[in-house]
Amino acid sequence: MSHQNQATTPAISRPDYTLSASEAAFERACRVIPGGVNSPARAFGAVGGKPPFMKRAEGAYLWDIDGHQYIDYIGSWGPMILGHGNPQVLKSVRDTLEDGTSFGAPTEREAEIAELVASVVPSIEMCRFVSSGTEAAMSAVRLARGVTGRHKIVKMTGHYHGHVDSLLVQAGSAATTLGAPNSPGVTPGAVVDTLLCPFNDIEAIQELFRQHPDQIAAVLLEPVAGNMGLVPPRSDYLEQLREITEKSGTILMFDEVMTGFRLALGGAQERYGVTPDLTALGKIIGGGLPAAAYGASKQIMGQVSPSGKVFQAGTLSGNPLAMAAGMETVRILKETNPYPYLEQITSQLEEGLTKVCHDLKVPARVQRVGSMITLFFNDEPVWNYEDAKRSDTALFGRFFWEMLARGVYLPCSQFEAAFVSVRHTESDIQETIKAAGDSLKAIFGK
Ligand SMILES: *Cc1c(COP(=O)(O)O)cnc(C)c1O
């Protein structure tokens with residue numbers, strides 16, 4: 001998400017790094033697409049300057065139309081855990097393509113992938129496929145309200161669940177309060193039942209339950225936050241949320257659009273051993289094509305139409321190509337168990353970046369869970385959005401551009417997590433650490 005706007009590219013120490021073809025492509029796009037992009041973060045609002053336009057991706061690398069090669073730490077913002085262009089995934093999509101791209105009628109593969117998801121995600125017995133994480137979160141919130149007959153939902157400040165009206169809220173003056181719309185076009189009525197709460201703060205959530213007894217349909221969160229930079233849950237936080245919601249007949253909903261199949265095959269809920277009532281999935285589940293899902297017990301999912309009364313539908317839901325890519329991706333993850341490798345390689349990155357910052361006396365914190373990682377330019381640990389906002393975003397912007405010019409493609413905001421894929425090698429990691437050292441030396445003139 002964009003938290004600030006700098007119009008110009010920060011000065012960089014590599015005058016040989018130029019983006020003339022990309023700049024022309026961007027100017028052309030800006031004439032016909034708002035901001036030149038189809039999703040705001042891609043426009044580099046948080047780091048300034050104009051984005052490189054991409055041409056091709058393979059494994060851990062991206063190539064832009066100006067001919068630069070990058071080590072990719074975005075992975076399409078999460079889906080590409082197997083790296084780009086996995087041959088088995090591509091073959092599955094190609095084979096499926098030959099039989100037709102969309103039928104608007106049921107296909108066998110939809111049950112096959114639902115069985116696979118149910119077999120690996122602890123909270124899921126049944127699921128419904130949709131086409132984006134936004135749709136999954138929106139539908140899950142509707143289901144939680146339909147099942148409980150309650151209206152209010154609790155959302156954590158700084159957590160992102162897609163561009164759902166009722167979830168586009170920002171904090172008011174008090175820490176725990178009714179949210180205010182944070183986009184024009186979202187009416188006060190759309191957010192009147194959304195309560196905001198700081199992440200990792202059990203007292204704040206207890207207070208909300210005291211203020212609104214028997215009214216809260218769902219507590220919604222990213223179990224490991226990735227949309228304000230990487231922020232892990234404090235120890236016992238998820239367990240305590242589980243206890244509080246259970247006691248109150250409130251649905252605990254994990255938005256695992258980013259963490260699902262990423263932090264473990266069964267997501268954060270497997271990794272932390274805390275099972276929510278309702279789960280939203282996306283990103284990896286589409287294997288790089290548009291797919292997402294929400295799932296729960298048979299009892300809860302049985303309330304979704306047509307078996308129940310909570311309405312939800314989609315022309316392209318369960319699309320054959322997206323199901324083929326997602327199915328093959330999850331199948332490979334299950335078969336190959338890449339999680340120990342991802343842990344090992346990303347912890348090397350964590351240690352390397354920490355050491356570089358320490359040696360150069362740059363106030364910074366590297367926060368990591370599994371293959372999700374953020375270098376915060378912040379001298380305190382980050383546990384919530386208020387902490388995250390104290391980071392030096394101007395320094396991040398300069399660092400981002402220095403890294404880009406050295407062939408490392410990081411998320412273009414201090415408030416986004418980076419992702420490592422199974423195709424990143426030890427030498428990619430070492431090259432990244434060296435680029436980070438050189439970048440910081442260039443910035444601080446050392
Ligand atoms: C990306 C993301 C979404 C939104 O998914 P889209 O496919 O972009 O609509 C929702 N929740 C979380 C946690 C995400 O990371």
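This is a predicted model: local features need pLDDT of at least 70, side-chain atom pairs count only at pLDDT 80 or more; totals for chains, interfaces and linings use all residues.
**Exercise 1.** Find which residues of helix α6 are buried, and where they lie around its axis.

*Solution.* Step 1: α6 spans residues 202-211, and its buried residues are I202, A204, I205, L208 and F209. Step 2: these residues cover an arc of only 165 degrees around the axis, so they lie on the same side of α6. Step 3: an α-helix has 3.6 residues a turn, so residues three or four places apart point the same way. Step 4: the buried residues of α6 pack against β5 (152-156), β9 (194-197), β10 (216-221) and α7 (237-248). Step 5: E203 and R210 are exposed, on the face of α6 turned away from its buried side. Step 6: at the start of α6, the backbone nitrogen of E203 has a side-chain oxygen of D201 within 3.2 Å.

**Exercise 2.** State how many cavities of 30 Å³ or more the structure holds, and describe the largest cavity.

*Solution.* Step 1: the search finds four such cavities in the whole structure. Step 2: the largest cavity has a volume of about 180 Å³. Step 3: among its 17 lining residues, I373, T374, L375, L410 and A418 lie nearest the centre. Step 4: the lining of the largest cavity comprises twelve nonpolar, four polar and one charged residue.

How values were computed: Residues are numbered from 1 along each chain as its sequence is written. Side-chain values use heavy atoms; hydrogens and water are left out. Buried means under 20% relative accessible area, exposed over 50%, partly exposed in between (1.4 Å probe, protein chains only). Helices (H or I, at least four residues) and strands (E, at least two) are DSSP runs, numbered from the N terminus. The arc is that of the directions from the helix axis to the C-beta atoms. Contact means heavy atoms within 4.5 Å. A polar contact is a pair of N or O atoms within 3.5 Å; within protein, one must be able to donate a hydrogen and the other to accept it, and residues adjacent in sequence count only if both atoms are side-chain atoms. On a 1 Å grid over the protein atoms alone, a cavity is a set of points where a 1.4 Å probe fits but cannot get out, and a pocket is an open set with protein on both sides within 12 Å along at least five of seven lines; lining residues have an atom within 4 Å of a point. Grid points are joined across faces, edges and corners, and a volume is the space filled by probe spheres set on the points. Ala, Val, Leu, Ile, Met, Phe, Trp, Tyr, Cys and Pro count as nonpolar, Asp, Glu, Lys and Arg as charged, and the others, Gly among them, as polar.
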